[in-house]
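Please look over this model with me.

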Amino acid sequence: MRGPRQPTSCFITGGMSGLGLGLAREYARRGADIAIFDLTINDDVLRQLEDIRLRDSQVITAYQVNVTDSEALQQAVEQAVVAISAPQLAIHCAGIQRAQPFEQLPADHFDQVIQVNLCGSRNFAAAVLPHMSGGSRLALVASMAGFAANYSYAAYCASKFGVIGLGRVLRMEYKPRGIEVSLVCPPEVDTPMVIEELKNMHPASRRLKDLGGTLSLEQAVTAILAGLDAGRGVIIPGGKAKLTYFCSRYLPDAIMNRVVDRIVRSELAQMGSERGAAT
Amino acid sequence: MSSRKIVWITGGSSGIGLALARHYARSGCDIVLLARDPGKLQNAAAECSALGASSEQVISGEPVDVTDSENLPAVAEGLIAARGLPDLVILSAGAAANDTFLDTPPAVFDDLMNINLGGSREVARAVLPGMCERGSGQIAFVCSLAGLMGIYGYSAYSASKFAVTGLVQALRQELAGSGVDIQLVCPPEVDTPMVAAEAAHAVPQTRFLKDLVGTMQPDVVAGKIARGIERRKSVIIPGFRAGLMAWCGRHFPGLFERGSALLLRWRFK
């Protein structure tokens with residue numbers, strides 16, 4: 001198998017919740033030392049990770065840091081390298097979402113999404129890559145919205161398309177050194193970020209996201225782990241998401257666009273009539 | 001208002017923007033060039049006026065920094081009030097940086113994001129409400145082939161241009177049926193001042209990969225872009241080799257990446 005050997009040290013941003021925590025749990029179970037980088041550190045979560053680890057000698061540690069602060073992140077990563085060792089697997093999971101139709105989306109919300117999702121990926125990659133050696137792997141968690149746009153997702157799509165662009169360049173630059181780059185593009189997964197978003201999701205976004213399917217956290221984590229184990233460059237968890245990826249590549253834009261536009265139009269028309277009925 | 005088409009071009013004082021300005025001047029449009037340097041703007045506006053098809057055409061330059069989010073909305077509003085709402089806005093202001101990832105400082109990364117992504121976004125935001133209300137208009141985002149595929153040495157540039165691609169795809173969905181067309185323009189390397197400035201310290205791997213696609217002349221590219229804009233194509237990739245490259249990258253991304261990796265290894269062993 002082309003895949004890497006099991007990583008014995010794993011650095012994860014956004015590892016206190018959602019996909020990041022799901023992955024941290026699995027690698028803790030498999031016996032890896034774990035360093036988590038997140039905005040807030042929850043001691044209960046750390047204790048849970050310690051409880052499920054394979055060996056008592058495994059180090060589970062966490063650093064409170066904002067991924068948008070490149071210097072602080074770099075320092076935290078250096079501390080983790082001293083505490084554990086250089087990462088054999090580095091996963092960037094930290095991400096945020098601000099969904100709103102473009103004209104209503106405030107510029108500072110847009111910037112914030114770019115800062116965390118895209119510049120955060122850059123900062124993490126820049127912090128870990130100098131420590132990484134041949135055979136190790138950097139995984140950037142992008143999204144299906146990194147290759148297929150979604151209604152009211154202007155900022156999120158821009159940030160996640162950007163992550164894909166960044167990842168593709170990094171792969172080209174680091175392949176000669178034996179460091180692999182994986183781009184992870186999950187569809188909707190029930191994580192705290194998505195649960196927050198569901199509170200007022202645009203109906204057109206909802207319909208389009210249904211095309212990519214929704215996965216439970218366990219399903220998504222299992223699929224991502226399998227992709228990382230197999231050493232895949234692009235990891236797309238879920239059958240519907242894979243189908244969407246396939247369509248976005250092989251169907252002509254004109255057809256994809258027409259399908260999407262029809263869905264959006266029907267949802268907008270329905271919203272319009274509901275609003276008309278309400279007034 | 002006159003019946004002449006009103007065209008705004010950001011980054012219109014040089015490179016692809018200026019070449020497009022010359023093209024639209026010859027086709028008899030009223031033009032507003034938006035760029036930072038007042039001197040270069042004046043020269044560009046004079047050059048375009050001399051090419052104008054009729055003496056009634058109004059061609060002028062407006063000094064503005066597209067990343068200046070405080071000033072930009074007021075400038076755009078003033079222009080709309082004075083000259084009318086544009087029919088076509090071409091977002092051509094951009095910057096590039098060619099360096100390997102760890103040699104690209106975070107500040108450069110942020111700058112490219114602000115100029116390439118943020119600047120285009122803010123100009124689009126300034127004209128969209130008017131265009132939507134009128135029910136017509138075109139906004140062409142000048143992105144890059146590097147916005148569709150990763151290129152060695154372009155981590156910051158590709159990230160910013162991929163982000164533009166994502167923004168454009170999302171916007172296109174939102175504006176479908178509104179009468180406003182959003183277009184994505186992905187040229188290969190074009191012989192412009194931006195590229196010339198970069199050539200002095202280009203990363204050899206980048207140079208090698210870009211030579212596979214070739215360099216186009218600004219006027220040739222502008223002609224092809226203008227034709228795509230006229231045909232209201234949603235994605236415009238000027239040049240046969242660029243089109244082929246984009247096609248391969250999209251349909252066979254794995255093969256394409258392995259191929260480029262092999263070529264790079266063969267050339268830079």
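This is a predicted model: local features need pLDDT of at least 70, side-chain atom pairs count only at pLDDT 80 or more; totals for chains, interfaces and linings use all residues.

1. Residues are numbered from 1 along each chain as its sequence is written, while chains are lettered from A and ligands numbered from 1 in the order in which they are written.

2. The complex has an ipTM of 0.94 and a pTM of 0.95 from the predictor. Chain B has a mean pLDDT of 94, with 99% of its residues at 70 or more. (pLDDT is the predictor's confidence in each residue, from 0 to 100.)

3. Chain A brings 45 residues to the contact and chain B brings 45 residues. (Contact means C-beta atoms, placed from the backbone, within 7 Å.) Helix 5 of chain A gives the most to the chain A side, with 16 residues. (Helices are DSSP runs of H or I, at least four residues, numbered from the N terminus.)

4. Ile31(B) touches Val7(B), Ile9(B), Ala21(B), Tyr24(B), Ala25(B), Cys48(B) and Ile59(B), leaving aside residues up to four places away in sequence.

5. Helix 1 (residues 15–26) and helix 8 (residues 218–230) of chain B have axes that come within 8 Å and cross at roughly 65°. (Axes are lines fitted to C-alpha atoms over the stretch in contact; angles run from 0 to 180 degrees between N-to-C directions.) Among the residues of helix 1 of chain B that meet helix 8 of chain B are Ile16(B) and Leu20(B).

Methods:
Two residues are in contact if their C-beta atoms, placed from the backbone, lie within 7 Å. Helices (H or I, at least four residues) and strands (E, at least two) are DSSP runs, numbered from the N terminus.
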